[in-house]
Amino acid sequence: MDYRLPNTVVPSRYAIRLEADLERTTFAGEQTVWVTVREPVTEVLLNAVDLEIHGVAAEANDGLTVEGTAHLDGAAERVRLLFASPLAPGEWRLRLRFTGVLNDRLHGFYRSTYTDAAGHSHVIAATQFESTDARRAFPCWDEPALKAVFSVTLVVPDGYAAVSNTQVVSENPVEGGRRAVTFADTIKMSTYLVAFVVGELEATEPVLVGKTPLRVWCVPGKRHLAGFAEEVGAFSLEFFERYYGLPYPGDKLDLLAIPDFAAGAMENLGAITFRETALLVDATAASHAELERVADVVAHEVAHMWFGDLVTMAWWNGIWLNEAFATFMELLAVDAFRPEWNRWVTFGVSRGAAMAVDGLWATRPIEFEVMAARDCEAMFDLLTYEKGASVLRMLEQHLGAEGFRDGVRLYLDRHRFGNAETTDLWKALGDASGEPIPEVMDRWIFHPGYPVVTAEPDGTGVRLSQRRFTYLEGEGADDGRWRIPVLVRAGVKRGIVEKPIMLADEPLTVTLPASPDWVVVNAGGHGFYRVRYAPALLKKLGAALGRIGPIDRFNVASDAFALVQAGSLPAPDYLEFTARFVNETDRNVWAALSGSFAYLNRVIGAADRPGLEALIRLRLATAADRLGWEPEEDEDELTRQLRGDLLRTLGTLGNDPAVQERARERFARHQESGIPVDPNVLPALIAILAASGGEAEYEEFVGRFKSARTPQEEQRYLFALAGFRPPELVQRTLELTVNGQVRSQDAPFLVRALLVGVHSREPAWEFVKVHWETMARQYPGSAYRRLWEGIAALVNPAWERDVREFFASRGITLGGKTLEQYLEQLRVAVRLQEREAGPLTAYLARPRRAAR
Ligand code: BES
Ligand code: ZN
């Protein structure tokens, strides 16, 4: 099968006129495509799927017209235009008429719906084209390298807004109470970046950022939730113009909240679309995490306007560069927007998540061959985004921020309006910095996995060596070496010493002036590798946690638990070691610790659970007592968020009856008498009430989910439903995932949450086995795939066999290596259970002082 279109006929410009019928949920279009014919052809091949094509003609400059016919190949997602006589080399205009259906699958040109305050239902027509769904809206050369100019006209009912990539240049009445809205020509860009949105939407007043008007769009009644996104949007636009040294490539920037949206957001040039939670927020009522999410997503998509939209990958194997870079820039921008958020420290959690996948044998290199374009859907994963961004950060630290930025500028300037490959970025970075880039980078990008660096005392210094980190044993863990920029930091008598080195093929010893009190390898935490400290070094480090940075403490905890999962550190030793962290103040470090407790909770049996709960309460007590339930006047946002995080863990995973009781009281007082609760604590109360609640709370939460006033509030109550423990309530939540009461953009994540919960996983698995075909039909493809991540929580040998048997007998494939990864993650957990169940039972049975 040939996956690429032939280059005998290539487009340069599309003039598209589209009309969506929101009542009938259909659309009709006509388009003229300016093409260059490079050799005589009677046949033109381009992409189209789920369209009907009615009229085909080719027109030459001299007025000659050749009639044609269209022949669709549904499986190949292509249409063959056959002409009665050959089209001679030169310039032609192809004219096509077509119709289609506004689908419910959240891709192509699709239908989104919402209900207004009076209970009336309304339809919005919106698009999502990446990776390969522009072909569902209009016939096109749907490959990223076939850039063209788009001139769009949307015919819409009066009173409806029409938005596309550029500014409106004219509006003309059309009979039947409609009008034709024509947009300015776009820059030369890829098909996957085209967008159309039609609906009764409202916009904020435009704010001018330099010359660019910026607006936020939403369904009526939500404009008051747009302020924060507008602020981040304006900030990022300015930030990136300065960083990239190139003006914004569009003529306006619209940020649109679409009620049904498969991904988080999409970087359509000038018309960025979002799911509501990623754009609309009440900044006075949101938790830190909810605000950070909006800032992240907005900054990420605005970063793409240059990196991705102005300069685009030549083919989908380059998607990592697009997404990794946007993620890297997102972090830079958010770090500049709110320095006090310590965004790079928080990123440690995401880096750790990527390492959890990349330590599997079923991982893949960041840059990976993509044959059929549809295979690239599986590329939008933690390896592309988080590992990709991590290695870029590592490179930036290695080259220095300015050298790196200069290389990026050079790259964008060289390739603007065009396409580029990874090697082009390396070349630009090399030219700008004078450093050889591929030598350092290629191993990180083109090979799977990452190293674990072993640190052992050697005289007064430390000896460092590397091998590949894997959770399960296997062949080849010692093949090949990374070039690792390592920063060693040590506490010595006279203060602190730092030694940057490049660890490559051979082990080496870093000499230190005097026998150090403690040594941190990967200081600052930028390196994408784990560290395995010899017992003596780990012991010293455990005693010195107060003297090292939060990211270093995070890595100490996270690397130690990874070694437990890999079988080289006994789980009880790890749990004992966590006692070193009782005075911890950083929320990311707590996220690592709490994450490891939650993981072990899925591994142990029900009889050991009270022992683990007691241990969790003991570990968290000091920090939680220090923070209490109420924020201090001048407390920073991270501390407030930490309070919420700790209370949540105590009340759910720790099953702390006192915390649960108090949460119930506070929630009731808040609801009944309006006594304020800190926005970081309120989501925790909701989760705790679910974990300890019954039918009354369940009914209340369903009601609050349906009548929520902000997208965040809606999500809190919806996902809390997965936390209820009584079996009949678990069953009700399971039903919600397929009965149409939860949007298909959210339902798959609810299923995943149910699969992961220790009280719901068994019925959830039985339910999924019965309903998976319904889910596959209802859910957007990308989210459906993510749902299966939940199988990794089905930790026991019998479930594991059942899971494997299920997939084998149904022939389900999830694209790329996704399924293999989930199955291996399950294997890692079951192995841990087989190895450690006994020792964990013994350890958890030890009496522990009740924490409170
Ligand atoms: N280009 C993606 C959106 C996308 C993802 C389209 C997968 C098609 C398939 C967009 O730039 C993106 O990365 N969105 C993220 C949010 C971001 C902050 C990481 C998302 O949707 O989760
Ligand atoms: Zn992106």
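Predicted model: local features only at pLDDT ≥ 70, side-chain atom pairs only at ≥ 80, totals over all residues.
Local features need pLDDT of at least 70 and side-chain atom pairs count only at pLDDT 80 or more, while totals for chains, interfaces and linings use all residues. Residues are numbered from 1 along each chain as its sequence is written, and side-chain values use heavy atoms, with hydrogens and water left out.

The zinc ion (ligand 2) is held by His-300 (NE2), His-304 (NE2) and Glu-323 (OE), at 1.8 to 2.1 Å. Donors here are N, O and S atoms within 2.8 Å of the metal (3.2 Å for Na, K and Ca); water is not among the atoms, so sites may look incomplete. Along the sequence the donor residues run H-x3-H-x18-E. His-300 lies in helix H2 (residues 288-304) and Glu-323 in helix H3 (residues 319-337), so the pair ties together parts 23 residues apart in sequence; helices are DSSP runs (H or I, at least four residues) and strands likewise (E, at least two), numbered from the N terminus. His-300 counts as buried at 6% relative accessibility, as does Glu-323 at 2% (buried is under 20% relative accessible area, exposed over 50%, partly exposed in between, with a 1.4 Å probe and protein chains only).

As for the rings, the whole structure holds 46 aromatic pairs, counting Phe, Tyr and Trp (its six-membered ring) with centres within 6.5 Å; planes under 30 degrees apart are stacked, over 60 edge-to-face and the rest tilted. Phe-109 and Phe-196 are edge-to-face, since their centres are 5.8 Å apart and their planes at 65 degrees.

Technical notes. Chains lettered and ligands numbered in written order.
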